[in-house]
Amino acid sequence: MARPREFNEDRVVTAAMETFWRHGYEGTSTRDLCDSTGLGPSSLYNTFGGKRQLYLRALQRYHDTATAEQVEILRGDGPAKERLRAMMIHAVDADLEETGARGCFAINAAIEAAALDPEVREAVRRSFDRVEDELCAVVEEGRRAGEIRSTGDARTVARRVQSTYYGLRVLGRVQEDRDILLATVDGALADL
């Protein structure tokens, strides 16, 4: 007789995140979540309170992993523009490597559910704000080093970079030509 898998909350939330990421909130059924997590419907509801609560936990997991990965790249070594480019190239490559072109889970949530659910909007905003803060710090460092010449408020420049980055994540869902995506990255950085 097969031994049941030991319950591991981190594994379950990660599996749910992957399922929501692949199918979206509305496109994910309770059956999909049960299949991906290995939990039965009653266990899923008893443990997490339901699909929406599990979705919020999945968004938090994304913040703790993927958003933290973006921050790590931005805090890395090297000139400011190289770190900005590294973050964008990492996203381009990740989006092109994936089958099914999932894009960014936070952006997907912003488009699909944030307008209708204040808690989802807050979860997405938390991730966006964290990246914006790190981008602002990199812009300020780049200015001090003389490599970023864009005028205006550093936060405004950071938001422009962030908009390009998030635009790349959306474009990466439909554009398969890496050279086009790289030209977008390089053009945005040249304007700094």
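**Note on aromatic pairs and helix packing**

1. Ring pairs join Phe20, Trp21, Tyr25, Tyr55, Tyr62 and Phe105 into a cluster. The model under review is a predicted one. The count of aromatic pairs comes to nine. Among them, Tyr25 and Tyr55 form a tilted pair, at 4.7 Å centre to centre and with 55 degrees between the planes. Tyr25 lies in helix H1 (residues 9-27) and Tyr55 in helix H4, so this pair ties together parts that are 30 residues apart in sequence. Tyr25 is buried, with a relative accessible area of 17%, and Tyr55 counts as buried at 2% relative accessibility.

2. Because Tyr62 lies in helix H4 and Phe105 in helix H6 (residues 105-112), the pair ties together parts that are 43 residues apart in sequence. Tyr62 is buried, with a relative accessible area of 3%; Phe105 counts as buried at 1% relative accessibility.

3. Helix H5 (residues 80-97) has 18 residues and should span 26 Å at 1.5 Å a residue; its end C-alpha atoms are 26 Å apart, which agrees. The buried residues of H5 include Leu84, Met87, Met88, Ile89 and Val92, and also Lys81, Arg83 and Asp95. The buried residues of H5 pack against helix H4 (51-74), H7, H8 and H9.

4. H5 and H7 pack at an angle of about 150 degrees, and their axes are 8 Å apart. H5 is therefore roughly antiparallel to H7, since the angle is over 145 degrees. On the H5 side the contact is made by Ala80, Arg83, Leu84 and Met87, and on the H7 side by Leu135, Val138, Glu141 and Gly142. By class, the residues of this contact divide into five nonpolar, one polar and two charged.

5. Helix H8 (residues 154-171) and helix H9 (residues 178-190) pack at an angle of about 175 degrees, with their axes 11 Å apart. H8 is thus roughly antiparallel to H9. Thr164, Leu168 and Leu171 of H8 meet Leu181, Thr184, Val185 and Ala188 of H9. The contact of H8 with H9 has five nonpolar and two polar residues, and no charged residues.

6. Arg144 belongs to helix H7 (residues 118-144). At 66% relative accessibility, Arg144 counts as exposed. Arg144 and Arg126 are 18 residues apart in sequence, and their C-alpha atoms are 27 Å apart in space.

How values were computed:
Residues are numbered from 1 along each chain as its sequence is written. This is a predicted model: local features need pLDDT of at least 70, side-chain atom pairs count only at pLDDT 80 or more; totals for chains, interfaces and linings use all residues. Side-chain values use heavy atoms; hydrogens and water are left out. Axes are lines fitted to C-alpha atoms, for helices over the stretch in contact, and angles run from 0 to 180 degrees between N-to-C directions. Helices (H or I, at least four residues) and strands (E, at least two) are DSSP runs, numbered from the N terminus. Angles under 35 degrees count as roughly parallel, over 145 as roughly antiparallel, 65 to 115 as roughly perpendicular and the rest as oblique. Contact means heavy atoms within 4.5 Å. Ala, Val, Leu, Ile, Met, Phe, Trp, Tyr, Cys and Pro count as nonpolar, Asp, Glu, Lys and Arg as charged, and the others, Gly among them, as polar. Buried means under 20% relative accessible area, exposed over 50%, partly exposed in between (1.4 Å probe, protein chains only). The expected span of a helix is 1.5 Å times one less than its number of residues. Rings of Phe, Tyr and Trp (its six-membered ring) pair if their centres lie within 6.5 Å; planes under 30 degrees apart count as stacked, over 60 as edge-to-face and the rest as tilted.
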